[in-house]
Amino acid sequence: MEPPDAIRQRLLSLTAEGTLARAAGPDAPARAVQCLACPHGCRIRDGEEGICRMRANRGGRLRVPHGYVAGLACDPIEKKPFFHFCPGETALSFGMLGCNLRCPFCQNWSTSQTLKDPAAAAPVRACRAEDIVRQARRHGSRILASTYNEPLITSEWAVEIFRLARREHMLTTFVSNGFASPEALDYIAPWLDAMNVDLKCFTEKGYQWLGGRLAPVLETIRRLWARGVWVEVITLVVPEFNDSVKELGAAAEFLASVSSDLPWHVTAYHAAYKFEGGVPFTPAARLAEAVAVGRKAGLRHVYAGNLRGLGEGESTLCHQCGRRLVAREGFAVVENVLRGGRCPDCGVAVAGRWG
């Protein structure tokens, strides 16, 4: 493994001047800049980095990740997870390094915590935006997904790719923690078809422990839905952290207030990163309880994931007549009877992007 200084220099060579930035103000040190990619709003001195460690001030200019990937793969769209967005199709997923949060149970910590944790590192490969779009065409994928790390801190790179993808009539998605600034949402939304937002908990104390705040995540969900970007929300149900009926109920009620059509994925936690060997896995009964809580709050589509034996937990059902519309086994769609986004039995329209 390369030492942190070598990794830092390698990543600094793969940057471009950032768009989501402004002068830090008259009360800031000379040549300081303010990053606008997320609500941290880091005011960064010359020669230093922001909280994510990936957006850096060099000579009074904000340098941001550009021209590389740390992960590139074709995945089922269900793996993101999106269940109401082009089911059964594949997405070319690309990711970089870094994150604006510090979740101790992160599933992708080796990429997200680079330069924060000495044990976190992943190889990177230089490429052009055109190369990623070409790879999608080659693999027959008409969907691109910025994922693996936190895409909000690499928004400029994603938008460069998405501009090219739109010319090829491709669809574009983010898989994100949703800890976004209004400026970042205004920047990415015109180029974004869908976002999966990770609502990690529903208390301010919980978000502070993870290095963020709850309110901006809720605002991201509201703003994107209002702008017509398709949104699905996922909550990893972690025992002893966010799994109380009260907290899950509050989250479900908020989502239902945005729209009863907004899909909510409640998924089982498996030990990872700093929780390895500590907090137990999510029991099936607790996940089933989370589904019931979501439906009681008025959500039409609540899905249970990462555990087997939960019946129709991953199937899309008609909210009016109960007909099974899309059946899934893991990430595979095994049946899809939707007709033009409508139930074939009762004819009701089911919210989503089905085409």
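Modeller: Two strands pair if DSSP finds at least two bridges between them. Helices (H or I, at least four residues) and strands (E, at least two) are DSSP runs, numbered from the N terminus. This is a predicted model, in which local features need pLDDT of at least 70, side-chain atom pairs count only at pLDDT 80 or more, and totals for chains, interfaces and linings use all residues. Residues are numbered from 1 along each chain as its sequence is written, and side-chain values use heavy atoms, with hydrogens and water left out.

Biologist: How many bridges join β12 to β13, and which residue in β13 is the bridge partner of Ser 176?

Modeller: Strand β12 covers residues 171-176, and β13 covers residues 194-198. The two run parallel and are joined by four bridges. Thr 173 of this pairing faces Ala 194, while the partner of Ser 176 is Val 197.

Biologist: What is the handedness of the β-α-β unit made by β11, α4 and β12?

Modeller: A crossover is right-handed if, with the strands pointing away from the viewer, the path from the first strand over the helix to the second runs clockwise. Helix α4 spans residues 155-167, and the unit it makes with β11 and β12 is right-handed. From β12 the chain then crosses through helix α5 (residues 182-188) to β13, and this crossover is also of the β-α-β kind and right-handed.

Biologist: How many residues of β12 are buried, and which point the other way from Leu 171, Thr 173 and Val 175?

Modeller: Buried means under 20% relative accessible area, exposed over 50%, and partly exposed in between (1.4 Å probe, protein chains only). In a regular strand the side chains alternate between the two faces of the sheet. Six of the six residues of β12 are buried. Leu 171, Thr 173 and Val 175 point one way, and the other way point Thr 172, Phe 174 and Ser 176.

Biologist: Why is β13 described as largely enclosed, and which strand do five bridges join to it?

Modeller: β13 is largely enclosed by the rest of the structure because five of its five residues are buried. Ala 194, Asn 196 and Asp 198 lie on one side, with Met 195 and Val 197 on the other. Asp 198 stands opposite Ile 234, and the parallel strand joined to β13 by five bridges is β14.

Biologist: Which residues have the most contacts inside the largest nonpolar core?

Modeller: A nonpolar core is a set of buried Ala, Val, Leu, Ile, Met, Phe, Trp, Tyr and Cys residues joined through side-chain atoms within 4.5 Å. The largest one here has 94 residues, and those with the most contacts inside it are Leu 144, Leu 199 and Trp 264. A second, separate core of eleven residues includes Phe 82, Phe 85, Trp 230 and Ala 351.

Biologist: How far apart are the closest N and O atoms of Asp 243 and Arg 286?

Modeller: A salt bridge is a side-chain nitrogen of Lys or Arg within 4 Å of a carboxyl oxygen of Asp or Glu. Asp 243 is buried at 15% relative accessibility, whereas Arg 286 is partly exposed at 26%. Their salt bridge has its closest N and O atoms 2.9 Å apart.

Biologist: Where do the partners Asp 243 and Arg 286 lie, and how many residues apart are they?

Modeller: Asp 243 is in the loop between β14 (230-237) and α8 (245-258), and Arg 286 is in helix α9 (residues 284-296). The pair links distant parts of the chain, and the separation is 43 residues.

Biologist: What is the N to O distance between Asp 193 and Arg 166?

Modeller: Arg 166, at 27% relative accessibility, counts as partly exposed. Its side chain meets that of Asp 193 in a salt bridge, with an N to O distance of 3.5 Å.

Biologist: How many salt bridges are found in the whole structure?

Modeller: Arg 58 and Glu 49 form one, with closest N and O atoms 3.4 Å apart. The search of the whole structure gives a count of 24.

Biologist: How many disulfides are there, and how far from Cys 38 is the nearest cysteine sulfur?

Modeller: A disulfide is a pair of cysteine sulfur atoms within 2.5 Å, and by this rule the count is zero. Cys 38 is buried at a relative accessible area of 10%. The nearest cysteine sulfur to Cys 38 is that of Cys 42, at 5.9 Å.
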